[in-house]
Amino acid sequence: MSTLFISDIHLCAQNSATTASFLHFLRTRALDAQALYILGDLFETWIGDDDPNPLHHEISVALQILGQRCIPCYFIHGNRDFLLGKRYAITCGMTLLSAPQVMQLDGLSVVILHGDTLCTDDSEYQNFRRLVHQRWRQRLFLSLPLPLRLRIANRMRAKSLHVNAIKTYDIMDVNTQAVMTLMAHTGAKVMIHGHTHLPAIHRLPGARCRVVLGAWHRHGSVIEVTATSVKLCEFSVKTTDYS
């Protein structure tokens with residue numbers, strides 16, 4: 001059996017194709033897994049566990065099936081859904097993990113994270129990230145009425161799209177030194193992350209590798225780790241044919 005890793009599904013009510021593809025994945029490929037790890041940005045936005053969005057309920061019901069099949073599901077926060085809390089995780093049957101997380105898979109040391117903390121060249125984003133991860137700011141935001149939270153989130157999303165449109169890929173991609181420092185600190189041979197939407201397997205010095213998940217837009221991706229291999233699989237979001 002294999003352990004599966006996904007990230008950057010970016011579920012939202014406006015994108016029914018991605019939702020259908022993710023639900024198909026949960027009802028098919030995920031049921032053969034030893035475990036499923038979601039490395040952040042499962043949702044495009046998250047304004048609180050108390051949001052009555054019907055999509056959230058639909059996804060939680062689908063994820064519960066994994067638990068019923070004794071397939072553990074783990075979640076690491078992304079930069080879009082970092083406010084997803086214990087209340088929603090419990091309804092999904094997910095276990096929340098801190099990042100970076102080091103794990104042993106069939107004797108292979110693997111470090112997993114969303115990936116945004118590795119983008120250290122983007123100082124503007126890192127400063128913003130430090131602000132929104134302050135607990136008092138999060139508590140204040142979650143205490144606001146839901147409509148106001150939604151307006152704030154939409155405004156921040158629009159600003160982010162505008163700012164990112166004028167940034168270069170070099171700035172928004174991971175910093176090589178940050179990658180090597182984390183791998184040296186954790187002793188991991190494999191790093192798995194998402195965030196950059198640039199799916200690839202990067203060979204690194206010391207027989208190490210960095211495997212990057214893609215976003216579920218036109219094509220989705222899943223990383224499959226077995227006792228003998230680390231495989232990056234891509235598939236069409238429309239046809240949900242895995243390869």
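Modeller: Two strands are taken to pair if DSSP finds at least two bridges between them; helices (H or I, at least four residues) and strands (E, at least two) are DSSP runs, numbered from the N terminus. The model is predicted, with local features needing pLDDT of at least 70, side-chain atom pairs counting only at pLDDT 80 or more, and totals for chains, interfaces and linings using all residues. Residues are numbered from 1 along each chain as its sequence is written, and side-chain values use heavy atoms, without hydrogens and water.

Colleague: How many bridges join strand β1 to strand β2?

Modeller: Strands of a sheet pair through backbone hydrogen bonds, either parallel or antiparallel. Here β1 (residues 2-6) and β2 (residues 33-38) run parallel and are joined by five bridges. Threonine 3 has alanine 35 of β2 opposite.

Colleague: In what order do the strands of the open sheet lie?

Modeller: The six strands follow the order β4-β3-β2-β1-β10-β11, with mixed pairing. Because β4 (94-97) and β11 (230-236) each have a single partner strand, they stand at the edges, and one side of each lacks a neighbour in the sheet.

Colleague: Which residues of α1 meet α2?

Modeller: Thr19, Phe22, Leu23 and Leu26 of α1 are in contact (heavy atoms within 4.5 Å) with residues of α2, among them Leu55, Glu58 and Ile59.
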